[in-house]
Amino acid sequence: MKTLLLIDIQNDFLPGGALAVPEGDAILGVVNALQPQFDLVVATQDWHPLGHKSFASQHPGQHVFAKTVLQGLPQVLWPDHCVQGTWGAAFSPDLNLNKVEAVFRKGMDPEIDSYSGFYDNGHRKSTALAEYLKAKGTQEVYLVGLAADYCVYFSALDALQEDFQVFLVQDATRAIDPTGFERAKADLLAKGGKVISSQELLS
Ligand code: VGL
Ligand code: ZN
């Protein structure tokens, strides 16, 4: 059973958003075209309270994209983004949601960041996404969405650890930093994941 995981396809990660991923909007047509090929489509949604500690605005004197430590973990300080209930946190109006059976939210704890759709960055708390996918009979997880070098990558790592077969659809994602994307792909391949293109699914 094949599941398509739509990672954080939200206004704030698209052009015009607070944490816009370069060319993020280029994935929308591909993601919509892929959905009919899957038995199950599930989405994640970055969903932060106001004043989340991953926001640079909560660290006076520190600038956006600076690296720091939060809860003993390396942390990039982000612009305020995906604040609960705002336009930026909403799914793109150009994303087809008709096949999305469940949405898993993450990043609600103000004290810790949560890139993966499965666990927070400290692996302290589960979203129950792994149990949900297993209960649905999923063996293969295909990942698309934003950003390739953060939430898509960390979700793929956790999916591997949860013993799913993992496929990253590389033309259905875009990265904040292209160097980070290359490193992420190499790491996923080394850990048993596969990197494919949408063509392989559509033909
Ligand atoms: C993300 C940074 C902060 C992502 C979320 O969806 O990749 N990146 N929050
Ligand atoms: Zn976030």
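Ala, Val, Leu, Ile, Met, Phe, Trp, Tyr, Cys and Pro count as nonpolar here, Asp, Glu, Lys and Arg as charged, and the others, Gly among them, as polar. All the views below come from a predicted model.

**View 1. The shell around ligand 1 is made of nonpolar and charged residues.** Around ligand 1 sit Asp8, Phe13, Asp46, Trp78, Tyr115, Leu146, Ala147, Tyr150 and Cys151. Sorted by type, that gives seven nonpolar residues, two charged ones and no polar ones. Two of these shell residues, Leu146 and Ala147, turn up again in the next view.

**View 2. A cis peptide bond links leucine 146 to alanine 147.** Omega for this bond is near -10°. Alanine 147 belongs to the loop between β6 and α3. Both partners are among the residues around ligand 1, and Ala147 is also one of the core residues that touch the most other members.

**View 3. The largest nonpolar core has 51 residues.** Which of its residues touch the most other members? They are Leu6, Leu143, Val144, Ala147, Val152 and Ala156. At least two residues each come from β1 (2-7), α1 (28-34), β2 (40-46), α2 (129-135), β6 (140-146), α3 (148-161), β7 (165-174) and α4 (178-190). The top contributor is α3, with nine residues. In soluble globular proteins, nonpolar side chains tend to be buried together.

**View 4. Valine 144 has contacts well away from its own stretch of sequence.** Skip the neighbours within four places in sequence, and valine 144 still contacts Leu4, Leu6, Ile7, Ile27, Val31, Leu34, Val169, Ala172 and Thr173. Val144 is also one of the core residues touching the most other members. For the chain as a whole, take contacts between residues at least 6 apart in sequence: 72% of them join residues at least 24 apart.

**View 5. Glutamine 62 sits in the loop between β2 and β3 (67-70).** Is glutamine 62 buried, exposed or partly exposed? It is partly exposed, because 13 other C-beta atoms lie within 10 Å, and a residue needs 12 or fewer to count as exposed or 20 or more to count as buried. Setting aside residues up to four places away in sequence, glutamine 62 touches Ala56, Thr68 and Leu77. Leucine 77 is 15 residues along the chain from glutamine 62, with 8.1 Å between their C-alpha atoms.

**View 6. Glutamine 199 is part of helix α5 (residues 199-202).** Glutamine 199 has 10 other C-beta atoms within 10 Å, so this residue is exposed. Aspartate 171 is 28 residues away in sequence, and the C-alpha to C-alpha distance from glutamine 199 is 9.2 Å.

**View 7. Glutamate 23 and aspartate 163 have positive phi values without being glycines.** Phi is about 60° for glutamate 23 and near 70° for aspartate 163. Glutamate 23 lies in the loop between β1 and α1, while aspartate 163 is found in the loop between α3 and β7. Glutamate 23 is exposed, with 11 other C-beta atoms within 10 Å. Aspartate 163 counts as exposed too, because 11 C-beta neighbours fall inside 10 Å.

Along the sequence they run β-α-β-β-β-β-α-β-α-β-α-β-α. Buried residues account for 43% of the chain. An unreviewed UniProt entry places the feature "domain: Isochorismatase-like" at residues 3-200, a stretch that is 22% helix and 24% strand.

How values were computed:
Residues numbered from 1 in each chain as written. Chains lettered and ligands numbered in written order. Predicted model: local features only at pLDDT ≥ 70, side-chain atom pairs only at ≥ 80, totals over all residues. Near = placed C-beta within 6 Å. Helix = DSSP H or I, 4+ residues; strand = E, 2+ residues; numbered from the N terminus. Contact = placed C-beta atoms within 7 Å. UniProt positions renumbered as here; feature names shortened; annotations may be inferred. Core = buried A, V, L, I, M, F, W, Y, C linked by C-beta atoms within 7 Å.
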